[in-house]
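Please look over the model below before reading my comments.

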Amino acid sequence: ATATVAACTTPAPGKAGMPSRTFGAPAPLSPSPSQRLVEKTLVAKPVSLDLGGRIVSTWAYDGTLPGPLVRATAGDFLRVSLDNQLPADTTIHWHGIRLRNAADGVPGLTQDPISSGTKYVYEFTAPDPGTYFFHPHVGVQLDRGLYAPMIIDDPNEAGDYDAEWIVVLDDWIDGTGTTPDDVLKKLIADGGPASSGGMGGMDHGSMGGMDHGSMGGMSMGTPPWGDAGDVTYPFFLINGKPPTDPDVLTAKPGQRIRLRVINAASDTIFTVTLGGHRLTITHSDGHAVEPTEVGAFYIGMGERYDAIVTLGDGVFPLVARPFGKTSGGQAIAVVRTGSGSAPAVDAAPAELSGQVLIGSQLRPAESAKLPDRAPDATVDLALQGSMKPYQWGMNGAKFGENEPLTVKAGQRLRINATNQTMMTHPLHLHGHTFALPSGLRKDTVLMAPMQSFAIDLDADNAGDWMIHCHNIYHAEAGMMIALEYA
Ligand code: C2O
Ligand code: CU
């Protein structure tokens, strides 16, 4: 999207200054006697991908889009070696995993960048079952295609379904000459997008239907989202495939499928539906929710939702429609359980025009609730900035110039978050999960323009962590802040 968006406030130059630390090679660890060792090697490298006849030169893990699945059971010891064959530094961040700080993948904060031509070993325990993904925490490399799903299985739960499908959503720039990094450089150099357009039909000034004070009060199907995208990404992908050459998922009629939906896009909120079916949402960002039956749901950048669906007999479109983007089509995969012709690339299941679930309105399962407790400390977090001039920050300055938030180990911390901009931002926290006022546990949540709400977390994972917008352009331009244990 390239519309001009007004800012409520502008980040002021800060004072803090965040020295970039050096770490050296990580000390090798070994699993405890009770832990299973799960080993995996990944190669990050340049690759040519065929996006439905258009050949794009980009970067990916093991040369595939998405990269290979990393899967383990909660409590396992993971040892993942990354071989960096990119012509650039990189890292891996394990999005949503409450792992040890040294394996979190943030260069200058938790490790040295992994230079071109070198290897790095990540060793950590993944404590919580769920649907996750991983990606670099360097520049906008995520947007080049360096992402892959990660599943942590529950050792105590077999899963009441016949099969499981991973559905990774992405948006994609042209890729035949311009890289996402070029796009960001140009946005910063030009002070914002050159023209408006591409977001036709959006009303940037209006905040109709919003409830500024809480997560409640919005009715289902009345999304408060404003513009969430900076750049026009003309391609939308499911599992790395464009609509003209879609992924085909096959099963038998009547089978129960667990969908694990991951939004790896940086610029696009999607509405997800499987035409002709009801979806029962069971997990949000890996955490169990009160099972909720919907026709369609929104998924923001960096969010994950799991749903159970019982399949009908025939051929059905699994559609991820970009929210608020009127050009560029949609992402689609084909679900086939019987005979029938393939759905059209622009298939528009009726569920898209019915009620669409706003994920933050889900209720947590009892097992996923944080214990009741009053906060020991409260801090404010303001999301700030604008498209023109192109600048993004948190708490008065861009990352590196803003003061880190601090917490003491053992505290219940309340973060009063306010989106002081006219865009929607997915707010993401590393190394922890937080509870919304409703109790819903998440690690990534969409904040609508001018929306405020509190998130609570238990400071039970010491280290230096990032909080940032998961529109990677915004993060890279400065919409990040550190959370440090005092
Ligand atoms: Cu997927 Cu720092 O984020
Ligand atoms: Cu943002």
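1. Conventions. The model is predicted, so local features are held to a pLDDT of at least 70 and side-chain atom pairs to 80 or more, while totals for chains, interfaces and linings use all residues. Residues are numbered from 1 along each chain as its sequence is written, chains are lettered from A and ligands numbered from 1 in the order in which they are written, and side-chain values use heavy atoms, with hydrogens and water left out.

2. Helix H1, buried side. H1 spans residues 180–190, and its buried residues are Pro180, Asp181, Val183, Leu184 and Leu187 (buried: under 20% relative accessible area, exposed: over 50%, partly exposed: in between; 1.4 Å probe, protein chains only). Viewed down the axis of H1, they fall within an arc of 160°, so they line one face of the helix; the arc is taken from the directions from the helix axis to the C-beta atoms. Helices are DSSP runs of H or I with at least four residues, and strands are runs of E with at least two, numbered from the N terminus.

3. Helix H2 (472–477) is included in what covers the buried residues of H1, contact being heavy atoms within 4.5 Å. Glycine 191 follows H1 and has a positive phi, near 75°.

4. Sheet. Four strands make an open sheet with mixed pairing, ordered E2-E1-E4-E6; two strands pair if DSSP finds at least two bridges between them. Strand E2 (54–61) and strand E6 (119–125) are the edges, each pairing on one side only.

5. Strands E1 and E2. E1 (residues 37–51) and E2 run antiparallel and are joined by eight bridges. Valine 47 has threonine 58 in E2 as its bridge partner.
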